[in-house]
Structures are given as C-alpha cells and as structure tokens.
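This report goes through selected side-chain contacts and surface features of one protein model. The sequence and structure come next.

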Amino acid sequence: MVLKMLQVCVTFLLLISQHTFAGTPEEEQGVRYANKCETCKILATELQERLSETGKSHDVIETGYSVDDVKPKKRKEYRRSELRLLESIENVCDRILEYNLHKERSDSTRFAKGMSETFKTLHGLVDKGVKVDLGIPLELWDKPPVEVTQMKSQCENMLETYEDAIYEWYFHKQDEKNLIDHLCAEQVLAVDDRKCLKESLKISDKKNKKSKGDKEDL
C-alpha cells in the first residue's frame with residue numbers, strides 16, 4: 001500500500017516536471033531554454049566570482065621584452081593585470097555545467113547549483129526501493145540537463161560578443177558597479193528584459209531548506 005502511494009507521488013512529480021511549461025513542442029517535452037537575461041546573469045555572477053578568487057593574489061608580474069635584456073621590464077600587480085582577466089575568462093562558461101535545473105521554481109532561480117528538490121525526492125524514493133522510470137538510466141540523472149548545456153553555449157557566444165564591454169568594466173568601471181549592472185543591464189538587455197536580474201531565492205525557501213537539513217541531522 002505504501003509503495004503504491006509512493007508510485008502515485010512519483011507519477012505526479014513527473015507530470016509536474018514535464019508539463020509545467022507547455023506551449024511550444026519543446027516546452028511540451030518540459031524543455032525551456034535559458035533566456036538572454038538568465039544567461040547573462042549567470043555569466044556575470046560566475047566571472048565576478050572567478051575574479052574574486054584570483055584577486056587575492058599579491059603577485060607582481062613582469063611584462064615587456066628586450067633583445068639585449070638590458071631595458072627593465074614593466075612590473076605590474078597581477079590583480080590589476082590583463083593576465084588575471086584572461087585567466088578568469090578562460091573556461092568560465094564551463095562553470096555553468098555545475099548548475100542544475102530546479103523545475104519546482106518558475107523564475108531565473110530555476111538555474112542553481114545543487115540538486116533540485118524534485119530529484120532529491122526521486123533519489124529518496126529509489127533508495128526506498130520504489131521503481132522510478134524517467135526514460136533515462138539512473139546514472140544519467142545527475143548529468144547536466146539540455147537547458148544547462150545549451151546555456152553554456154549561449155554563455156560562450158555572449159562572452160565573445162561582449163568581450164569589449166567586459167574589458168571596459170574590468171579596467172575602468174569595476175570600482176563603480178558590479179558586472180551584472182554594467183554588462184547585463186547596460187549592454188546586453190533591453191529595459192523590458194531585465195526582470196530576472198532582481199530575482200533571487202526567497203528567504204522562506206532558504207529557511208525551509210535549512211530547517212530540513214537540521215531535522216535530517218538530528
């Protein structure tokens with residue numbers, strides 16, 4: 001009886017994940033790709049996070065070249081150098097593959113790191129011996145979904161298109177404003193397309209997640 005009820009719950013969860021955003025043929029299959037706002041927001045977040053990691057270095061680098069090696073080379077702080085920016089940009093879009101799709105959310109916070117509540121529930125059911133058929137092997141459940149891999153491609157295209165804007169912010173604007181404001185709000189997005197920039201995980205959701213974790217630890 002308990003297993004039967006659990007199987008009904010599984011069916012309900014699958015129906016929600018597959019049909020929440022029905023509309024186009026892809027949406028009818030549960031696919032809703034990242035829009036430009038979502039992609040820019042995550043690109044800017046990840047690049048600024050990467051820069052914060054590399055910005056802790058107090059190294060000094062030498063630049064310039066002389067045939068006779070007599071002329072002194074220029075010395076520059078690494079944290080203010082172009083090298084730091086280049087190293088931070090390199091593979092920054094790969095960090096998007098650390099994200100998962102949280103289909104229980106409808107706004108831009110649906111893209112977030114960590115396992116979604118839906119998949120936590122489904123994994124829990126499997127651990128209890130419930131047969132769950134998603135149409136894909138269990139070992140592929142935690143692979144990045146197509147929405148995330150597609151957003152990585154969008155990120156790479158956006159990075160190439162707006163490279164000059166990122167350079168301008170890095171060398172001239174980063175003390176005045178964050179990258180999301182400079183790149184997304186001022187360069188990439190029209191006024192009507194900026195809604196996602198103000199979206200964040202609700203405090204109640206964070207508290208619920210924390211309280212669940214506390215109960216599990218008891």
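Predicted model: local features only at pLDDT ≥ 70, side-chain atom pairs only at ≥ 80, totals over all residues.

Tyr170 forms an aromatic pair with Phe171, with 4.8 Å from centre to centre and 85° between the planes, and the pair is edge-to-face. Phe171 is partly exposed, at 33% relative accessibility.

Across the whole structure, a search finds 2 aromatic pairs. In the pair of Tyr167 and Phe171, the ring centres are 6.1 Å apart and the planes stand at 45°, so this pair counts as tilted. Tyr167 and Phe171 both belong to helix α7, where 4 residues, about one turn of the helix, separate them. Tyr167 is buried, with a relative accessible area of 18%.

## Negative surface patch

Helix α7, which spans residues 163-173, also takes part in a surface feature: with 3 residues, this helix gives the most to the negative patch. The patch consists of Glu82, Glu160, Glu163, Asp164 and Glu168.

One of these residues, Asp164, is placed in helix α7. Asp164 has a relative accessible area of 66% and is therefore exposed, the cut-off for that class being over 50%.

## Salt bridges within helix α3

The whole structure holds 9 salt bridges according to the search. One of them joins Glu53 and Arg50, whose closest N and O atoms are 3.2 Å apart. Both residues lie in helix α3, 3 residues apart, which is about one turn of the helix.

Glu53 is partly exposed at 36% relative accessibility, and Arg50 is partly exposed at 26%. Both residues also belong to a network of salt bridges that links Glu46, Arg50, Glu53, Arg95, Glu98 and Lys113.

Glu38 and Arg110 meet through their side chains in a salt bridge, with 3.1 Å from N to O. Glu38 is in helix α3 (residues 36-54) and Arg110 is in the loop between β3 and β4 (111-113); the two are 72 residues apart, and their pair links distant parts of the chain. Both Glu38 and Arg110 are buried.

A salt bridge is also formed by the side chains of Lys152 and Asp94, at 3.4 Å from N to O. Lys152 lies in helix α6 (residues 146-161) and Asp94 in the loop between α4 and β3, so this pair ties together parts that are 58 residues apart in sequence.

## Val92 in the loop between α4 and β3

The loop between α4 (82-89) and β3 (99-101) also holds Val92. With a relative accessibility of 3%, Val92 counts as buried.

How far apart are the C-alpha atoms of Val92 and Gln48? The separation is 9.9 Å, although Val92 and Gln48 are 44 residues apart along the chain.

Notes: Residues numbered from 1 in each chain as written. Heavy atoms only, no water. Patch = residues over 30% accessible without salt bridge, like charges linked within 9 Å, V, L, I, M, F, W, Y side chains within 5 Å. Areas by Shrake-Rupley, 256 points an atom, 1.4 Å probe, with all protein chains shown as cover. Salt bridge = Lys/Arg side-chain N within 4 Å of Asp/Glu carboxyl O. Lys, Arg positive; Asp, Glu negative; His and termini not counted. Charge placed at Lys NZ, Arg CZ, Asp CG, Glu CD. Buried < 20%, exposed > 50% of the residue type's maximum accessible area, 1.4 Å probe, protein only. Phe/Tyr/Trp six-rings, centres within 6.5 Å; stacked < 30°, edge-to-face > 60°.
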